[in-house]
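Good morning, and thank you for coming. I would ask you to look at the sequence and the structure together while I speak.

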Amino acid sequence: MIYISTYTQMLKGILEGCILAIISQNEVYGYELSRKLQESGFDYVSEGSIYPLLLRMQKEKWIEGYMKADTRSGGPPRKYYRLTKAGGEVLAQFHDNWSAMKRSVDHILEGGQSR
């Protein structure tokens, strides 16, 4: 299917920004992040594909992970992620770039003429 292939390629370019946005709203653990992405319509994103991105973002120092006890269910501690200052700057840049790109794509898809 061409649609799925195109969707996958587009997803690779925007998933990091969306993950940063979710983490900026509230500290989350991996499974919770996966669920929030799926609730937002990212049905093709598996939990297993998120962890390599989180690891890379930690190496880039955009996010930091820490262990936190699960006080609700009494289960084992979970690794939570929070945004760093550098991650906030990357998120702001992503937001600006996304807004500009979205306007351009919407203009073309809506049959817009030259500006």
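Let me begin with a definition: two strands count as paired if DSSP finds at least two bridges between them. Please keep in mind that the model before you is predicted.

With that definition, consider strand β1 and strand β3, residues 78-83: the two run antiparallel and are joined by 2 bridges. Within this region, Tyr29 stands opposite Tyr80 of β3. In general, strands of a sheet pair through backbone hydrogen bonds, in either a parallel or an antiparallel manner.

The sheet as a whole is open and has 3 strands, in the order β1-β3-β2, with antiparallel pairing. Which strands stand at the edges? They are β1 (28-29) and β2 (63-68); each has a single partner strand, so one side of each is left without a neighbour in the sheet. Helix α3 packs on this sheet, where α3 touches β2 and β3, and the direction of α3 makes about 115° with that of β2.

I turn now to the helices. The axes of α2, residues 30-39, and α3, residues 47-59, come within 10 Å and cross at roughly 115°. This crossing is right-handed. On the α2 side, the contact is made by Gly30, Tyr31, Leu33, Ser34 and Leu37, and on the α3 side by Glu47, Ile50, Tyr51 and Leu54. Of these contact residues, 6 are nonpolar, 2 polar and 1 charged.

Finally, consider Leu11, in helix α1, residues 2-25. Is Leu11 buried or exposed? Its relative accessibility is 9%, and buried means under 20%, so Leu11 counts as buried. Leaving aside residues up to four places away in sequence, Leu11 touches Phe42 and Val45.

Notes:
Residues numbered from 1 in each chain as written. Predicted model: local features only at pLDDT ≥ 70, side-chain atom pairs only at ≥ 80, totals over all residues. Heavy atoms only, no water. Axes fitted to C-alpha atoms, helices over the stretch in contact; angles between N-to-C directions. Helix = DSSP H or I, 4+ residues; strand = E, 2+ residues; numbered from the N terminus. Left-handed = near helix turned anticlockwise from the far one by under 90°. Contact = heavy atoms within 4.5 Å. Nonpolar A, V, L, I, M, F, W, Y, C, P; charged D, E, K, R; others polar. Buried < 20%, exposed > 50% of the residue type's maximum accessible area, 1.4 Å probe, protein only.
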